[in-house]
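Please read it alongside the sequence and the structure shown here.

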Amino acid sequence: MSRSLSWFGYVALASGIVFLYLPICVVIFYSFNESEFITLWSGFSLRWYRSLFHNTDYWSAGWITLKIALVSSIIATLLGLMAACALSRLRRFPGRSLFAGLAVAPMVLPEVIGGLSLLLLFVAFGIDRGFLTVVIAHATMSMCFVCVVVSARLSQFDLSIEEAAQDLGATPLQAFFLATLPIIMPAVISGFILAFSISLDSLVLSSFTTGPGTTTLPLRIYSEVKRGIRPEINALSTLIVLVVAIAVVMVSIRTKFRGRDRWETN
């Protein structure tokens, strides 16, 4: 019985891996295709990578995407941290349940509703859509994820550490920055990375709140895919996969060595 279950587990694992990574492998394979037709293999070539590096539209959209992601993730991290601190420290205050619900509401609301609501808000206040509106939209969406991550860490935090810092002469603000923040910093960094990733990948919110001159990379790719998939998109997707894979490997290696150093120290 256990042997049959193990075979079932292997088959399920293999099926899941194939389902997730086979499309990515196909994109990588056809990124080296010489032909202009993405599904017709005509030989190995780096033609579309050279074409990609000379395509200023992609690089401009990528630079705008990075700037929006960086600014919005910083704002989302600050707001999410403050919301998490308020929820974890102020256990009883009028409207706490409503505040907690509003803090995480963007996580469960469809992005279409969030994007449409923000669009109507900007139109009502006469705010021209552009860099600022996209940043606000991304920060609004990402803030709730930061709040949840940091709240989970603060729920296990011992407040006596802050009390000890205040007994030693620190003000409440100094106690937070010198005692609390270093302890919860891994959660804050995790929330920042999560917010940054969400902003990079956001398409629906950007489509509602973007304006002239602020076309993000997902919007650029989506607009071109509607007219037909260009081979440069395969090359661009392959480079993105490569960058993400390198980052994951580096983080895994660092985590492994840090765990080994801690084990040797103990």
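A residue is called buried when its relative accessible area is under 20%, exposed when that area is over 50%, and partly exposed in between. By that rule Ser31, with a relative accessible area of 0%, is buried. The model is a predicted one.

**Ser31 and its surroundings**

- Ser31 sits in the loop that runs between helix H1 (2-30) and helix H2 (47-53).
- Apart from neighbours within four places in sequence, the contacts of Ser31 are Ser45, Trp48, Tyr49, Asn234, Ala235 and Thr238.
- Among these contacts, Trp48, Tyr49 and Ala235 also belong to a nonpolar core of ten residues.

**Salt bridge**

- How many salt bridges does the model contain? The count comes to one.
- That salt bridge joins the side chains of Arg47 and Glu34, with an N to O distance of 3.9 Å.
- Because Arg47 belongs to helix H2 and Glu34 to the loop between H1 and H2, the pair ties together parts that are 13 residues apart in sequence.
- Both partners are partly exposed: Arg47 has a relative accessibility of 27%, and Glu34 has a relative accessible area of 32%.

**Aromatic pairs**

- Six aromatic pairs are found when the whole structure is searched.
- Phe29 and Tyr30 form an edge-to-face pair, because their ring centres are 5.2 Å apart and their planes stand at 80°.
- Phe29 is partly exposed at 44% relative accessibility, and Tyr30 is likewise partly exposed at 21%.
- Phe176 and Phe177 have ring centres 5.4 Å apart and planes at 80°, so this pair is also edge-to-face.
- Within the second pair, Phe176 is buried at 14% relative accessibility, whereas Phe177 is partly exposed with a relative accessible area of 45%.
- A cluster of Phe32, Phe44 and Tyr49 is linked by ring pairs.

**Nonpolar cores**

- The largest nonpolar core has 19 residues, of which Leu81, Cys147, Val150, Leu154, Leu181, Ile184 and Val188 touch the most other members.
- Which elements give two or more residues to this core? They are H3, helix H6 (131-154) and helix H8 (172-201).
- Ile184, one of the core residues with the most partners, touches Leu81, Val150, Arg153 and Leu154 when residues up to four places away in sequence are not counted.

**Nonpolar surface patch**

- Leu70, Val71, Ile74, Ile75, Leu78, Leu79, Met82 and Phe131 together make a nonpolar surface patch of about 660 Å².
- Helix H3 (residues 56-89) supplies the largest share of this patch, with seven residues.
- One of the patch residues, Ile74, lies in helix H3.
- Ile74 counts as partly exposed, because its relative accessibility is 40%.

How values were computed. Residues are numbered from 1 along each chain as its sequence is written. This is a predicted model: local features need pLDDT of at least 70, side-chain atom pairs count only at pLDDT 80 or more; totals for chains, interfaces and linings use all residues. Side-chain values use heavy atoms; hydrogens and water are left out. Patches are made of residues with over 30% relative accessible area and no salt bridge: like charges are joined within 9 Å, nonpolar side chains (Val, Leu, Ile, Met, Phe, Trp, Tyr) within 5 Å. Accessible areas come from the Shrake-Rupley method with a 1.4 Å probe; for residues, only the protein chains shown count as cover. A salt bridge is a side-chain nitrogen of Lys or Arg within 4 Å of a carboxyl oxygen of Asp or Glu. Helices (H or I, at least four residues) and strands (E, at least two) are DSSP runs, numbered from the N terminus. Buried means under 20% relative accessible area, exposed over 50%, partly exposed in between (1.4 Å probe, protein chains only). Contact means heavy atoms within 4.5 Å. A nonpolar core is a set of buried Ala, Val, Leu, Ile, Met, Phe, Trp, Tyr and Cys residues joined through side-chain atoms within 4.5 Å. Rings of Phe, Tyr and Trp (its six-membered ring) pair if their centres lie within 6.5 Å; planes under 30 degrees apart count as stacked, over 60 as edge-to-face and the rest as tilted.
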